[in-house]
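Please consult the sequence and the structure shown below while reading.

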Amino acid sequence: MQNPSFTFTRAITRSPAKSVINGLRATDIGMPDFAQMQRDHAHYVETLKLAGLEVTELPALPDFPDAQFVEDTALCLPEMAILMRPGAPSRMGEVAEIAPHLAQHYDLYKIETGYIEAGDILTTNTEILVGLSDRTNRAGIAALQFIVQNSNYTLRIVETPSGVLHFKTDCSLLDGETILSTKRLADSGCFTGYNVIYTADGEEAAANAIRVNDKVLMAKGFPRTHAILQKAGYDVVEINNSECAKIDGGMSCLSLRF
Ligand code: CIR
């Protein structure tokens, strides 16, 4: 596969549950509107399909208010999938729920020690960058390092900015060499050697986008970053994210892509 970091054939998503109003959040900026979230979710899934993916749409899990954010439960590499060990206790049970669906496509490995959520992991063509955060610690990263040691990737530990939920809250892969990032994250020097496109000032929440085949999915409402990406030649699709944003979710969290 030429560009394993953004060329995909499949995705797994999970419908939001009504219990999403109890989803985790750093700051209370209002209750998510469930009906709007369902419409946004449908648009997201439709866009993945338009990008050429076969999408497995899993049913809602009312017992797990954050379960629609399937990305955090597993790291999907071309040669293996690795089940994560979420640092949020309320999310730990989501891993067993995703496992059988990944087992249909993959040899499955599992993090057994420490904590790690895949929202903290950015995979490029050559590297697995893992951000230390409130959800991901060194023991979890060491467990991942052990599993991927014979893969084609080099694992590098980086820092998630303080007050930011996940490493990928602040960055996305646009292609094998290009990363969309907030300035506060890129200023740490973690992307030396990559091309970096910065989100516009005040539009930091646009950083969590996803490149899927020939499309970039980004949250709606960030016109200057949208223009920057279009000018750089990307085929950008804007998706309303107002409701997921209330519980700290964005484009990458809503699917596993492989
Ligand atoms: C959480 O705090 O775990 C959820 N409310 C949001 C998870 C977002 N996931 C991600 O950025 N990968």
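A cavity is a set of grid points where a 1.4 Å probe fits but cannot get out, and its lining residues have an atom within 4 Å of a point. The model described here is predicted. It holds 2 cavities of 30 Å³ or more, and its largest pocket has a volume of about 690 Å³.

- By class, the lining of the second largest cavity comprises 6 nonpolar, 4 polar and 1 charged residues.
- Around the largest cavity stand Leu-24, Asp-66, Phe-69, Asp-72, Arg-91, Arg-135, Leu-165, His-166, Ile-247, Asp-248, Gly-249 and Cys-253.
- In the lining of the largest cavity, 5 residues are nonpolar, 2 are polar and 5 are charged.

**Open pockets**

- The largest pocket, of about 690 Å³, is lined by 36 residues.
- Gly-163, Val-164, Leu-165, Thr-169 and Asp-248 are the lining residues nearest the centre of the largest pocket. Leu-165 and Asp-248 also belong to the lining of the largest cavity.
- The lining of the largest pocket divides by class into 11 nonpolar, 14 polar and 11 charged residues.
- The second largest pocket has about 530 Å³ of space and a lining of 33 residues.
- Nearest the centre of the second largest pocket lie Pro-4, Ser-5, Phe-8, Cys-76 and Arg-257.
- At least two residues of the lining of the second largest pocket come from each of the strands β3, β6 (121-123), β9 (171-175), β12 (210-212) and β15.
- Of the residues lining the second largest pocket, 20 are nonpolar, 8 polar and 5 charged.

- Three strands form an open sheet in the order β3-β4-β5, and their pairing is mixed.
- Strands β3 (74-76) and β5 (108-110) each have a single partner strand and stand at the edges, so one side of each is left without a neighbour in the sheet.
- From one strand to the next, the twist averages 20 degrees.
- The pairing of β4 (residues 81-83) with β5 is parallel and runs over 3 bridges. Within these strands, Ala-81 stands opposite Leu-108 in β5.
- Helix α2 (residues 94-103) packs on the sheet and touches β3, β4 and β5, with its direction at about 165 degrees to that of β4.
- Helix α3 (residues 138-148) also packs on the sheet, where it touches β3, β4 and β5; the angle between its direction and that of β4 is about 155 degrees.

**Aromatic contacts**

- Across the whole structure, a search finds 2 aromatic pairs.
- Tyr-106 and Phe-258 form a tilted aromatic pair, with 5.4 Å from centre to centre and 50 degrees between the planes.
- This pair links distant parts of the chain, the two residues being 152 residues apart. Tyr-106 belongs to the loop between α2 and β5, and Phe-258 to the segment after β15 (256-257).

Methods. Residues numbered from 1 in each chain as written. Predicted model: local features only at pLDDT ≥ 70, side-chain atom pairs only at ≥ 80, totals over all residues. Heavy atoms only, no water. 1 Å grid on protein atoms, 1.4 Å probe; cavity = no way out; pocket = protein on both sides within 12 Å on 5 of 7 lines; lining within 4 Å. Points joined across faces, edges and corners; volume = space filled by probe spheres on them. Nonpolar A, V, L, I, M, F, W, Y, C, P; charged D, E, K, R; others polar. Pairing = 2+ DSSP bridges. Helix = DSSP H or I, 4+ residues; strand = E, 2+ residues; numbered from the N terminus. Axes fitted to C-alpha atoms, helices over the stretch in contact; angles between N-to-C directions. Contact = heavy atoms within 4.5 Å. Phe/Tyr/Trp six-rings, centres within 6.5 Å; stacked < 30°, edge-to-face > 60°.
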